[in-house]
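Welcome, and thanks for taking a look at this one with us. Here is a short briefing to read alongside the model.

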Amino acid sequence: MLASLSSLLVAALTAAHTLTTESTRLSVEPVAVHLPGWPAEGEPARVVLLADLHATRSDAARMDAVVQQVLRLRPHAVLLLGDYGLRHEPARSMPAAELARRLAPLQKQCAVYYVCGNHDDAAPASPLRRAFDARGFVFAESREIRLRFPGGRRARLQGCPHRSERQAPYVPAPAARGRRAQPHLPLIVAVHSPWHHRQYALAGNLVVAGHTHGGQVCWPGGRPIFRRGCWTRELMQGGLQHGKAPGQQLYVSRGIGTSSVPVRLGCRPEITLLLLNGTAPQK
C-alpha cells in the first residue's frame, strides 16, 4: 500500500512539474520550405515566425528570452502572427508599449512584420498598433509588401485580417498593378488563424499561421487531446502541411504562450525558423 501511494505521489508531482514547466521550455523548429521561381543554390533565406505570445505582466523575462533566442538565429525577417495579450484578461496582459519595447531589438536585426489575432485590437488607433508602429514594425494586413533577401531573391508578403470560423472568408488584398505588379514572385501569406486557408483555395505559395497553440494539451507525440469545434486534430497540431490550393504549403506554429489555462502538455512553445530556398530542377 505504501509503495502504491508513493508511486501515485511521484506520478502526481511529475505531472505537476511537467504542466508548470513545459510552457517555458522554448523549442526552435527549423523548417525547410521550397519556393517556386527561386534558385536552389545558395544559403536559404531565414524567416522567424512568432505566434500567440499571450504576454502577461509577469512575462518580462520570458519575452526577453524569446527575443535573445531569435537574435541568435540571425533572421532576415520576423513575422509576428497575432495574439499578443489576453483579450478577456486585460489587467493581466503586458501593456502594449512594454511588449513593443521588449520586442524592439528584433527590428534592429531585420524588418519585423505583424498581423493581429482574435485577442488583439487591430484598429489603427489601438494601443497595440500605435506601440508597434512606433517601434518600426510594419503592419502587413490587407496589403502586399516586397521582401528582399540576400542573393537577390525576392518574394511578396500579404497579411490577412483575422476571421473566426463562423465568418465568411476574407477577400485577398488586390494584386499590385502597373510597374509594381510582379506575380512571378512567390507569395507568402501571413494570417493568425489557418482555418480559412485550409477550407478554401485562397492565394499564396506559402501560408503561415498560429492560433491553435498546437492543441496546448496533447498526448505523447503531440496529438491534441481535445478537438475544438470544426478543427481537425491535424490542423490543431500544426507543422508543415498541404494547403487547399494546388501546390500550396501551409505552416501552423504551436506558438509561444497559453490561454484559457496556463499550461502546456506534450506541446512545447515554438519559435519557428523558416529556411526558404528554391526548388531544384527536375531531371
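Let's begin with Tyr 113, which sits in strand 4, a strand covering residues 111-114. Please keep in mind that this is a predicted model.

**Tyr 113 and its surroundings**

- Tyr 113 has a relative accessible area of 11%, so it counts as buried, the cut-off being under 20%.
- Leaving aside residues up to four places away in sequence, Tyr 113 is in contact with Ala 77, Val 78, Leu 79, Leu 80, Val 138, Ala 140, Ile 145, Leu 147 and Leu 157.
- Leu 81 is 32 residues from Tyr 113 along the chain, and their C-alpha atoms are 8.7 Å apart.

**The largest pocket**

- The volume of the largest pocket is about 600 Å³.
- Its lining is made up of 26 residues, and those nearest the centre of the pocket are His 211, His 213, Arg 228, Ser 259 and Ser 260.
- By residue type, the lining of the largest pocket has 13 polar, 7 charged and 6 nonpolar residues.

**The largest cavity**

- Searching the whole structure turns up 1 cavity of 30 Å³ or more.
- The largest cavity holds about 40 Å³ of space.
- You will find Gln 158, Cys 160, Tyr 170, Pro 172, Val 189, His 197, Leu 202 and Ala 203 lining the largest cavity.
- In the lining of the largest cavity, 6 residues are nonpolar and 2 are polar, with no charged residues.

Technical notes:
Residues numbered from 1 in each chain as written. Predicted model: local features only at pLDDT ≥ 70, side-chain atom pairs only at ≥ 80, totals over all residues. Heavy atoms only, no water. 1 Å grid on protein atoms, 1.4 Å probe; cavity = no way out; pocket = protein on both sides within 12 Å on 5 of 7 lines; lining within 4 Å. Points joined across faces, edges and corners; volume = space filled by probe spheres on them. Nonpolar A, V, L, I, M, F, W, Y, C, P; charged D, E, K, R; others polar. Helix = DSSP H or I, 4+ residues; strand = E, 2+ residues; numbered from the N terminus. Buried < 20%, exposed > 50% of the residue type's maximum accessible area, 1.4 Å probe, protein only. Contact = heavy atoms within 4.5 Å.
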